[in-house]
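Have the sequence and the model open side by side for this one.

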Amino acid sequence: MEHMTELDLSYNYLVTFLDHFFKFNKYIETLHLNNNRIAKLTSNSLADLTELKRLDLSHNSLQHVAKGLFDALTKLEYLNLANNPLNNLASGTFRGL
């Protein structure tokens with residue numbers, strides 16, 4: 001599935017992703033991670049998704065966003081973080097967008 005462009009992992013009770021989890025799926029343009037239980041994403045969780053245009057992280061358990069999480073996502077056009085218990089965002093969180 002190297003050339004997959006859309007991946008829907010919503011409603012799966014996912015909690016986290018390891019660093020470089022999507023290394024072999026770098027052509028994904030749309031990623032649905034909504035309605036899971038994601039509590040933590042490291043700064044390299046999404047690092048290989050350089051073609052990503054749409055990312056839905058809504059309805060999860062994210063309390064903070066790791067610094068550098070979005071740095072490689074320079075083509076991102078849509079980001080949904082709604083309904084997460086975010087406490088605060090570090091300065092520069094969205095600098096790569």
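Asp56 is buried (under 20% relative accessible area, with exposed meaning over 50% and partly exposed in between, using a 1.4 Å probe and protein chains only), yet Asp56 has no salt bridge, and Arg54, the nearest side chain of opposite charge, is 7.1 Å away. For that search, Lys and Arg count as positive, Asp and Glu as negative, and His and the chain ends are not counted. A salt bridge here needs a side-chain nitrogen of Lys or Arg within 4 Å of a carboxyl oxygen of Asp or Glu.

Asp56 sits in strand E5; strands (E, at least two residues) and helices (H or I, at least four) are DSSP runs numbered from the N terminus. The Asp56 side chain does have a polar contact of 2.7 Å with the side chain of Ser58. A polar contact is a pair of N or O atoms within 3.5 Å; within protein, one must be able to donate a hydrogen and the other to accept it, and residues adjacent in sequence count only if both atoms are side-chain atoms. Setting aside neighbours within four places in sequence, Asp56 is in contact (heavy atoms within 4.5 Å) with Leu31, His32, Leu33, Asn34 and Asn80.

## How the model is read

This is a predicted model: local features need pLDDT of at least 70 and side-chain atom pairs pLDDT 80 or more, while totals for chains, interfaces and linings use all residues. Residues are numbered from 1 along each chain as its sequence is written, and side-chain values use heavy atoms, with hydrogens and water left out.

## The salt bridges

How many salt bridges does a search of the whole structure find? The search turns up 2. One of them joins Lys75 to Glu51, with the closest N and O atoms 2.9 Å apart. Lys75 is in the loop between strand E5 (54-56) and strand E6 (78-80), and Glu51 in the loop between strand E4 (40-41) and E5, so this pair ties together parts 24 residues apart in sequence. Both ends are partly exposed: Lys75 has a relative accessible area of 38%, and Glu51 comes in at 25%.

Arg95 and Asp71 also meet through their side chains in a salt bridge, 3.2 Å from N to O. Arg95 belongs to the segment after E6 and Asp71 to the loop between E5 and E6, so that pair, too, links parts 24 residues apart in sequence. Arg95 is exposed at 52%, whereas Asp71 is partly exposed at 30%.

## Around Lys26

Lys26 is in the loop between strand E2 (16-17) and strand E3 (30-32), partly exposed at 41%. Beyond its neighbours within four places in sequence, Lys26 is in contact with Asp48, Leu49, Thr50 and Glu51. His3 is 23 residues away along the chain, with 7.8 Å between the two C-alpha atoms.

Not counting residues up to four places away in sequence, its contacts include Tyr11, Tyr13 and His59.

Most residues other than glycine have a negative phi. Tyr11 has a positive phi of about 60°, and phi of Tyr13 is near 60°. Tyr11 is exposed at 59%, and Tyr13 is exposed at 57%.
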